[in-house]
Each structure stands twice: as C-alpha cells, then as structure tokens.
Amino acid sequence: GTARHEFTRLVPDGLIASMELLLQRDAAEHGGRVSFRLSAPDAAVLGDAILIQQVIVNLATNGLQAMAETDASDRVVTIASGIEGDQVLISVSDRGTGWSEATLDRLLEPFQTTKIHGMGLGLTICRSAIDKHGGTFAIRNRPCGGAVAEIRLPLVEAAQDPNTDSSRLGPILASPALFARV
C-alpha cells in the first residue's frame with residue numbers, strides 16, 4: 001500500500017532541536033559532532049514531521065560518513081536554518097572533501113552512489129520527501145570545502161495551534177526504528 005503522511009503545522013527549528021540527542025549520538029559514533037545554527041524560531045511549515053526528521057538524519061549521517069578521513073576535530077556537521085523570502089531554508093553541511101563535478105551532476109539520480117555498500121537511494125528519497133512538501137532540495141559543494149544539502153520549504157502563517165509546537169514530538173524520538181537510514 002501507499003504510505004500515509006500526516007501533514008500538520010510544525011516549526012522546523014523546534015523539530016530539529018528535538019532531534020539533538022539523536023543526532024549527537026549518531027555523530028559520536030562517527031567520531032564527530034553536530035553544530036546547530038537555527039535562526040527561524042517562529043517559522044512554520046505544513047509538513048510530515050517524521051519525513052522531515054528522516055531527511056535530516058540521513059543528511060547528517062551522510063555528512064558524517066563523508067568526513068571519515070577528516071581530522072576528528074574537524075568532523076562537524078552543521079545544521080542551520082533561516083528564512084529567505086516566503087521559504088524556510090534548512091541546510092546540512094559537512095567539512096569533507098565535497099563532490100566531483102561529474103558526481104554532482106548525477107547525485108540525485110536513483111542508484112548513484114559513492115559508497116562501497118551504498119544503494120544510491122538515500123538522496124533520491126530525501127528529494128522525493130521534500131517534493132511532497134512543495135519544497136526544493138539541492139546539493140552543492142561549499143567554497144571552503146565539504147558539501148551542503150539545502151532544503152527549502154514554503155512558509156505558512158504562524159498560528160496559535162497546538163500542532164505548531166514541534167516539541168510535542170519528543171517522545172517519538174525514543175524509537176530509533178523511525179530513523180531507518182534512507
């Protein structure tokens with residue numbers, strides 16, 4: 001059957017902040033850490049919290065894996081947010097080696113991978129999940145080294161709605177099964 005997605009108002013910064021322990025634990029397993037620069041505390045989007053969480057976890061994990069050969073003190077994935085026009089921008093960046101131009105051109109195609117044991121579906125699934133939200137997903141190299149994935153989601157007006165409070169999702173995060181590597 002087709003997966004059902006529950007779209008509610010949510011605050012991406014609150015959703016990301018509620019994932020901090022999970023992300024830091026994953027980073028520690030890779031000998032790194034996650035840095036947060038969340039600058040859109042009042043921005044609300046219409047979305048499926050689980051899908052967005054899966055995308056963030058996948059991108060952070062990819063970034064950590066990309067830094068396997070990087071000095072441990074530089075193994076930092078940065079998750080940042082901001083508002084640009086009528087969109088929330090969420091970026092996940094790493095300090096790895098980045099991508100070759102040839103790889104960048106094919107990166108979002110299914111079954112394209114640079115990992116020995118990769119299936120080449122993770123970034124395609126991330127793009128599909130963001131497409132379902134009416135957003136855009138792009139990957140590029142950072143000028144100072146490493147790569148950045150950028151998610152842009154359309155803003156909705158903030159509402160005094162209990163569904164706007166993403167912190168209510170905290171208990172969901174206790175189940176790592178929800179974050180199967182995509």
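**A helix pair and its surroundings**

Tutor: The protein chain has five helices and seven strands. Helices (H or I, at least four residues) and strands (E, at least two) are DSSP runs, numbered from the N terminus. Along the sequence they follow the pattern β-α-α-β-β-α-β-β-α-α-β-β. This is a predicted model, in which local features need pLDDT of at least 70 and side-chain atom pairs count only at pLDDT 80 or more, while totals for chains, interfaces and linings use all residues. Residues are numbered from 1 along each chain as its sequence is written, and side-chain values use heavy atoms, with hydrogens and water left out.

Now to the pair. Two packed helices are described by the angle between their axes and the distance between the axes. Here the partners are helix α2 (residues 20-29) and helix α3 (residues 49-66). Their angle is about 25°, and their axes are 10 Å apart. Axes are lines fitted to C-alpha atoms, for helices over the stretch in contact, and angles run from 0 to 180 degrees between N-to-C directions. So α2 and α3 count as roughly parallel. The cut-offs are these: under 35 degrees is roughly parallel, over 145 roughly antiparallel, 65 to 115 roughly perpendicular, and the rest oblique. The crossing of α2 past α3 is right-handed. That word applies if the near helix is turned clockwise from the far one by less than a right angle; anticlockwise is left-handed.

Which residues meet? From α2 come Leu22, Leu23, Asp26 and Ala27. From α3 come Ile56, Val57, Ala60, Thr61 and Leu64. Contact means heavy atoms within 4.5 Å. Sorted by type, the residues of this contact are seven nonpolar, one polar and one charged. Ala, Val, Leu, Ile, Met, Phe, Trp, Tyr, Cys and Pro count as nonpolar, Asp, Glu, Lys and Arg as charged, and the others, Gly among them, as polar.

Stay with α3 for a moment. Gln53 also sits in this helix. Its relative accessibility is 1%, so Gln53 counts as buried. Buried means under 20% relative accessible area, exposed over 50%, partly exposed in between (1.4 Å probe, protein chains only). Gln53 and Ile16 are 37 residues apart in sequence, yet 7.5 Å apart in space, C-alpha to C-alpha.

Next, step to helix α1 (residues 12-17), where Pro12 is found. Pro12 is buried, at 2% relative accessibility. Leaving out residues up to four places away in sequence, Pro12 touches Ala43, Ala44, Val45, Val88 and Ile90.

Strand β1 (residues 8-10) holds Leu10. Leu10 is buried as well, at 2% relative accessibility.

Finally, look at the whole chain. Buried residues make up 45% of its 182 residues. Take contacts between residues at least 6 apart in sequence: 71% of them join residues at least 24 apart.
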